[in-house]
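Colleague: I would like to learn how to read the features of a model like this one. Can we take them in turn?

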Amino acid sequence: MNNNSYEQLIIGAGFAGICVAIQLKKAGFSNFIILERNGHLGGTWYDNAYPGAACDVESHLYSYSFEPNANWSKVFSRQGEILKYLDNCAEKYDINKYIQLNTSVAKAVFDEATGLWTVTDSNGKVYSAKSVISCAGGLSQPALPDIKGIGDFKGEKFHSARWDKSYELANKTVGVIGTGASAIQIVPAIAPVVKELQLFQRTPPWIMPKPDAEISGFRRGVYNRLPFMRSFYRWRLYWVHEMMALGFTRRPGILKLASKLASFYLKRSVPDETLRKKLTPNYIMGCKRVLISNDYYPALLRNNVHLITEHIDTMNASGIKTKDGVQHDFDAIIFATGFQAADGVVMFDLQGKNGLKLNDAWRDGAEAYLGTSVAGFPNFFMVVGPNIGLGHSSMILMIEAQVHYIMEAMKLMKSEGLKFVDVKKEVESAYNDDIQDKLSRTVWQSGGCVSWYQTKSGKNVTLWPGFTFTFMKRTKKFEPEKYELQRQ
Ligand code: N01
């Protein structure tokens with residue numbers, strides 16, 4: 001074996017990649033590497049460092065079950081504190097030495113004869129690995145809007161996940177495009193600083209109040225001294241969120257009640273009827289991600305903030321022209337326009353058996369068995385692959401379940417001396433038919449909206465249509481009978 005040969009090669013050092021590394025170490029593996037494209041670990045929590053960035057799931061649930069943090073300072077922590085948590089985890093479990101920063105994967109090719117992957121990074125360096133575990137994230141590729149003339153704008157422009165910290169927003173006239181989860185955090189954070197903010201809305205989101213608060217020193221002390229109190233709090237949060245899955249997937253009546261609450265909250269927050277009408281969604285709650293915020297509506301009431309609902313026509317050197325012919329001039333334009341979630345989870349050239357390319361295998365939409373294994377791509381595993389996303393709870397729960405399943409596979413491959421494992425095509429197909437059947441009865445498909453959950457043809461390739469405990473149960477054991485097993 002040369003220096004660049006590994007048992008496992010992990011792509012991405014975010015929540016998923018670090019979890020894989022920690023569990024590999026716990027399982028006794030040590031010959032692995034993590035390739036991380038950024039200059040720091042953290043993944044989405046490193047990328048999304050825009051003003052106001054915070055989690056919309058409570059931190060005591062949005063953290064590893066095996067690494068609780070009694071000291072979260074807020075119910076919903078800010079980006080910096082979450083990144084620090086991940087830094088601390090990497091340090092505690094001595095993971096940093098496995099991470100190679102500033103390294104993007106360009107290509108990965110499987111060789112059936114040797115049962116090995118040959119991975120090439122964007123600098124041309126070549127690695128060999130028995131297993132490739134992609135932890136590249138479902139929301140890692142920013143999506144820029146398809147607006148004519150986008151390149152002509154002469155002012156400053158950047159995407160929310162590529163925030164230009166060196167750009168001074170104070171006293172500038174700023175345009176923000178998009179009103180999703182990112183925008184509703186950015187707008188209240190920058191509105192008091194900028195001279196004028198124009199927010200371009202295409203579809204209003206459903207918004208609920210955010211039950212956020214500082215976690216007092218006393219409460220943190222209790223969680224430190226009496227860990228069962230912290231565990232109980234996490235357990236309670238877990239079940240409250242699981243109940244929300246009922247509304248999205250089985251009992252739409254729950255959403256009706258929630259939308260009444262959201263409408264009441266909007267009415268109370270925005271007295272002006274014209275503005276309120278513009279902010280009222282015309283699709284069933286839950287179809288797009290339900291957002292939570294206490295400061296978004298108040299920010300829209302500021303004199304220097306204007307909501308533009310006229311659709312964008314073109315962009316030009318000085319700003320944006322809307323369909324009504326009005327020109328809006330800006331110093332800076334911020335694209336809070338989301339991510340390429342449904343149209344490709346793996347953004348590099350991945351070739352499995354017989355030169356099969358993943359992008360070809362996924363021409364009709366991404367599919368995998370348990371969001372983890374793809375037929376024809378042996379020893380390739382994904383964390384947060386197709387149909388693993390959640391509309392109702394913490395992604396860390398799904399990540400841990402998938403990582404557990406992958407660890408079971410790693411242990412079996414080692415103990416049985418397997419050359420490779422490759423999920424059977426018929427297993428993958430039957431699983432995905434079932435997933436699509438379940439999805440067809442959810443609000444995400446029938447709620448009357450277009451969302452990033454779906455491909456252009458309307459197939460939902462991003463969300464898990466059920467409870468997290470169902471997924472945990474399904475990933476408890478690796479099922480060798482569902483795979484073609486090739487011995488050495
Ligand atoms: O992106 P989005 P995001 N012209 O896709 C609009 C997670 N997240 O970055 O709705 C005009 O939700 C688009 O309009 P429409 C979370 O899972 C979590 O905000 O398509 N507008 C929409 O309003 C979230 O769901 C946190 O009509 C255009 C917006 O851009 C996911 O990331 C924080 C347009 C995109 O919204 C993505 O959220 C942030 C165009 N041409 C994100 N193109 C937490 O709190 C797009 N839009 C943890």
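Modeller: Start with polar contacts. A polar contact is a pair of N or O atoms within 3.5 Å, where one must be able to donate a hydrogen and the other to accept it. Keep in mind that this is a predicted model. Here, the side chains of E196 and Q198 make a polar contact of 3.1 Å.

Colleague: Where does E196 sit in the fold?

Modeller: E196 belongs to strand β9, residues 196-200.

Colleague: Is E196 buried, exposed or in between?

Modeller: Buried means under 20% relative accessible area, and exposed means over 50%. E196 has 25%, so E196 is partly exposed.

Colleague: Which residues does E196 touch, leaving aside neighbours within four places in sequence?

Modeller: E196 is in contact with K172, T173, V174, N304 and H306. Sequence separation is another matter. E196 and M243 are 47 residues apart along the chain, and their C-alpha atoms are separated by 41 Å.

Colleague: What is the polar partner of the Q454 side chain?

Modeller: The partner is the side chain of Q445, at 3.4 Å. Q445 is also one of the residues that Q454 touches beyond four places in sequence, together with A342, W444, C449, K459 and N460.

Colleague: Now the domains. How is the chain divided?

Modeller: Domain 1 covers 5-141 + 341-487, and domain 2 covers 156-212 + 222-335. Their C-alpha centres lie 28 Å apart.

Colleague: How do I read the interface between them?

Modeller: Begin with area. The size of an interface is often given as the accessible area lost when the parts come together. Domain 1 and domain 2 bury about 3900 Å² between them. Carbon and sulfur atoms account for 57% of that.

Colleague: How many residues are in contact on each side?

Modeller: 48 residues of domain 1 are in contact with 39 residues of domain 2.

Colleague: And how many residue pairs are in polar contact between the domains, both at pLDDT 80 or more?

Modeller: The count is 21 residue pairs. On the side of domain 1 that touches domain 2, α13 and α14 each supply at least two residues. The residues of that side divide into 24 nonpolar, 18 polar and six charged.

Colleague: What about salt bridges?

Modeller: The general idea is simple. Side chains of opposite charge can pair when their charged atoms come close. Between domain 1 and domain 2 there are three salt bridges. D212 forms a salt bridge with K74, with the closest N and O atoms 3.5 Å apart.

Colleague: How many salt bridges does the count come to by this rule?

Modeller: The count comes to 18 salt bridges. One of them joins R289 and D56, at 2.8 Å from N to O. R289 lies in the loop between α8 (273-278) and β11 (291-292), and D56 in the loop between α2 (44-47) and α3 (79-92), so the pair ties together parts that are 233 residues apart in sequence.

Colleague: How accessible are R289 and D56?

Modeller: R289 is partly exposed at 25%. D56 is partly exposed at 21%.

Colleague: Show me other pairs.

Modeller: D360 and R363 meet in a salt bridge of 3.8 Å, N to O. D360 is partly exposed at 40%, while R363 is exposed at 64%. Then there is K482 with E479, at 3.3 Å. K482 is partly exposed at 24%, whereas E479 is buried at 12%.

How values were computed
Residues numbered from 1 in each chain as written. Predicted model: local features only at pLDDT ≥ 70, side-chain atom pairs only at ≥ 80, totals over all residues. Heavy atoms only, no water. Contact = heavy atoms within 4.5 Å. Helix = DSSP H or I, 4+ residues; strand = E, 2+ residues; numbered from the N terminus. Buried < 20%, exposed > 50% of the residue type's maximum accessible area, 1.4 Å probe, protein only. Domains from an automatic or database assignment. Buried area = accessible area lost by both parts, 1.4 Å probe. Salt bridge = Lys/Arg side-chain N within 4 Å of Asp/Glu carboxyl O. Nonpolar A, V, L, I, M, F, W, Y, C, P; charged D, E, K, R; others polar.
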